[in-house]
Amino acid sequence: MHVRAVAVATTALLGVALTAPLSHARADGTGGDGPTVVAHRGASGYAPENTLAAVDRAAELGIRWVENDVQRTRDGELVVLHDESLARTTDVEEVFPDRSPWKVKDFTAAEIARLDAGSWFGPEYAGARVPTLEQYVNRVDHNHQKLLLELKSPGLYPGIERQTLKVLANEGWLDRRHVAGRLVVQSFDADSIRTVHDLKPAVKTGFLGTPAVSDLPAYAEFADQINPSYGSLSMSYVSAVHAFTGPHGRPLEVLTWTVNDADTARRVAGYDVDGIITNKPDVVRDAVD
């Protein structure tokens with residue numbers, strides 16, 4: 001197993017509370033030994049993804065963990081949206097018909113704030129907006145939820161790691177209580193996650209993907225989680241990941257995505273994954289409880 005000297009020093013300085021693993025308890029907090037259930041982009045099977053309505057729907061279902069995606073506008077505001085383009089989940093083509101291909105990075109925060117991010121999902125969500133990162137984390141905090149935050153396409157947004165950490169700090173998310181068990185920052189970009197770890201070693205981090213087992217020692221230097229798609233997963237791979245120790249001195253965790261049916265949820269739970277990311281968190285929770 002692999003433990004960096006700096007990780008030992010960090011643990012000693014910050015205390016064992018900051019090394020707490022993702023809880024293997026039911027997402028509604030009532031106990032149980034199944035994997036943690038994470039609401040993907042909020043409860044996105046029931047409300048428009050990455051909106052405050054999706055966060056609230058997850059809370060109504062009793063789901064403690066929510067996942068979201070963060071990007072940056074042309075004028076430097078961090079907003080919560082999955083796609084690099086605004087076209088799929090907003091009415092940007094109607095509001096700004098001459099601005100194709102409607103990339104997030106080409107619009108100001110004020111322009112994005114005008115867009116309807118709910119009607120595409122259903123008329124009852126008409127008028128929902130693309131939230132800023134501040135609005136999103138404040139709603140998660142208000143609901144007493146926990147946050148799996150994805151840095152989306154960080155190569156498009158130089159410095160987004162430091163900026164995201166600054167917003168989190170300003171909104172109270174880098175205090176001991178949040179860092180101890182309420183926050184994980186993840187990305188498909190290994191360099192981005194390494195940067196987050198270097199800037200704020202206390203923050204738990206996750207790499208999205210399925211690295212070769214031979215590469216896991218390098219990832220264990222800066223990532224606490226290896227988070228693969230469920231289609232790439234096997235019991236032997238999960239076991240191999242768990243054999244390595246991450247930067248906070250605990251076994252690497254595995255969260256898998258995006259599982260939306262009971263049979264698949266039970267199958268991957270049988271692999272001993274630590275968490276399941278899903279658009280339908282109630283379905284997965286009931287299947288693995």
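Here are some notes on the predicted model above, point by point.

1. Ground rules first. This is a predicted model, so local features need pLDDT of at least 70 and side-chain atom pairs count only at pLDDT 80 or more, while totals for chains, interfaces and linings use all residues. Residues are numbered from 1 along each chain as its sequence is written, and side-chain values use heavy atoms, with hydrogens and water left out.

2. The overall picture: the protein chain has 12 helices and nine strands (DSSP runs numbered from the N terminus, helices being H or I with at least four residues and strands E with at least two). Of its 289 residues, 54% count as buried (under 20% relative accessible area with a 1.4 Å probe, protein chains only; exposed is over 50%, partly exposed in between). Among contacts (heavy atoms within 4.5 Å) with a separation of 6 or more, 62% are between residues 24 or more positions apart.

3. Have a look at D91, in the loop between β3 (78-80) and α3 (92-95). D91 is buried but has no salt bridge (a side-chain nitrogen of Lys or Arg within 4 Å of a carboxyl oxygen of Asp or Glu). The nearest side chain of opposite charge is R129, at 5.8 Å; Lys and Arg count as positive, Asp and Glu as negative, and His and the chain ends are not counted. A polar atom of the D91 side chain does sit 2.8 Å from the backbone nitrogen of D116. Leaving out residues up to four places away in sequence, D91 touches L115 and D116.

4. Two cis peptide bonds to check by eye. One runs from S100 to P101, with omega near 10°, and P101 is in the loop between α3 and α4 (109-113). Another joins W257 and T258, with omega about -25°; T258 belongs to the loop between β8 and α11 (262-269).

5. R41 has phi near 60° and is in the loop between β1 (36-39) and α2 (52-60). R41 counts as buried because its relative accessibility is 13%. S153, with phi of about 50°, lies in the loop between β4 (146-151) and α6 (160-170). At a relative accessible area of 24%, S153 is partly exposed.

6. Last, helix α10 (residues 235-242). Its buried residues are Y237, V238, A240, V241 and H242.

Technical notes. Polar contact = N/O pair within 3.5 Å; in protein donor to acceptor, adjacent residues only side chain to side chain.
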